[in-house]
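Have the model open as you read.

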Amino acid sequence: MPIKENLNEIQTRIDAACKKANRNPNDVRLIAVTKTFPAEAINEALSVGVIDIGENRVQEAEEKFPDLVTNNKVCKHLIGHLQSNKVRKAVELFDWIHSIDSIKLAERVNRVAGELGKHPVVLIQVDLGKEPTKNGIDESELNDLAAYLATAQYLDFRGLMMIPPFFEDPNATLPYFSRLRELLRELNSQKICLKALSELSMGMSQDFEVAIQAGATLIRVGTAIFGTRSKPIVTL
Ligand SMILES: *Cc1c(COP(=O)(O)O)cnc(C)c1O
């Protein structure tokens, strides 16, 4: 697998997209999404300098992460839907949870984090596509969830995450990315949180350049690094 070459090419594209958007490439963090790929793929990515690893299922991460859990040089991101019965495992395994989408889930994550002595970074997943298969909270409920997270003692709430609907033309996703940035700006202007929210997790292999244009601070890239996934992707 030419992981190193792929990463170099992606970094070149990130740099170009940042230049075009007049942004600093250091403000865009690349999360290597390793779902469906074996632990060796993770190790190879780490060996060539990757720091951020993303998985979308808790159970799969548990199987692949035994060496990673105690490695605090690697930042582990849960980017898929989190079921309430997996919260404890998720808080044990991951440093970031991108998929908080209800107050109930947030309360549980906060309680478990307190019990485990952890302070995970959390993002709210917003559902802008309104597709039945997509997770995330409706825009109309965003403020209440943000207000809860702002006060949750064991959670470090930093921003928003989104998966846009699929379009053949990546440019068609721009309005969704722009909308997420606007929602972050609104949360900040309402001063719901003491600290300004700064993170926008958006953009995948297909459309990360468009997401960078719209202000993404974390891009989640799988196939462009590791190749096409052979196993079917389970969408929960
Ligand atoms: C799989 C996945 C990605 C990466 O998708 P690619 O198209 O392989 O880059 C990003 N975000 C989420 C939530 C995913 O599940």
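Predicted model: local features only at pLDDT ≥ 70, side-chain atom pairs only at ≥ 80, totals over all residues.

1. Take a look at helix H7, residues 174-189. Just past the helix, Lys191 has a positive phi of about 50°.

2. Which residues of H7 are buried? They are Phe177, Leu180, Leu183, Leu184 and Leu187. Looking down the axis, the buried residues of H7 fall within an arc of 115°, so they line one face of the helix. An α-helix has 3.6 residues a turn, so residues three or four places apart point the same way. The cover over the buried residues of H7 includes strands E5 (121-127), E7 (156-161) and E8 (199-201), along with helices H6 (142-151) and H8 (208-213).

3. Now for the largest nonpolar core: 68 residues, with Ile124, Leu149 and Leu160 having the most contacts inside it. Helix H1 (residues 3-21) gives the largest share, six residues. Apart from this core there is another, of seven residues, including Ile31, Val121, Leu123 and Leu218.

4. Beyond its neighbours within four places in sequence, its contacts include His98, Ile137, Ala146, Leu149, Phe157 and Leu160.

5. Last, the ligand. Among the residues around it are Val33, Asn56, Ile79, Met204, Thr223 and Arg229. A ligand oxygen sits 2.6 Å from a side-chain N or O atom of Lys35. Arg220 places a polar side-chain atom 2.8 Å from a ligand nitrogen, while a polar backbone atom of Gly222 is 2.8 Å from a ligand oxygen.

Key:
Residues numbered from 1 in each chain as written. Heavy atoms only, no water. Buried < 20%, exposed > 50% of the residue type's maximum accessible area, 1.4 Å probe, protein only. Helix = DSSP H or I, 4+ residues; strand = E, 2+ residues; numbered from the N terminus. Arc of directions from axis to C-beta. Contact = heavy atoms within 4.5 Å. Core = buried A, V, L, I, M, F, W, Y, C linked by side-chain atoms within 4.5 Å. Near = heavy atom within 4 Å. Polar contact = N/O pair within 3.5 Å; in protein donor to acceptor, adjacent residues only side chain to side chain.
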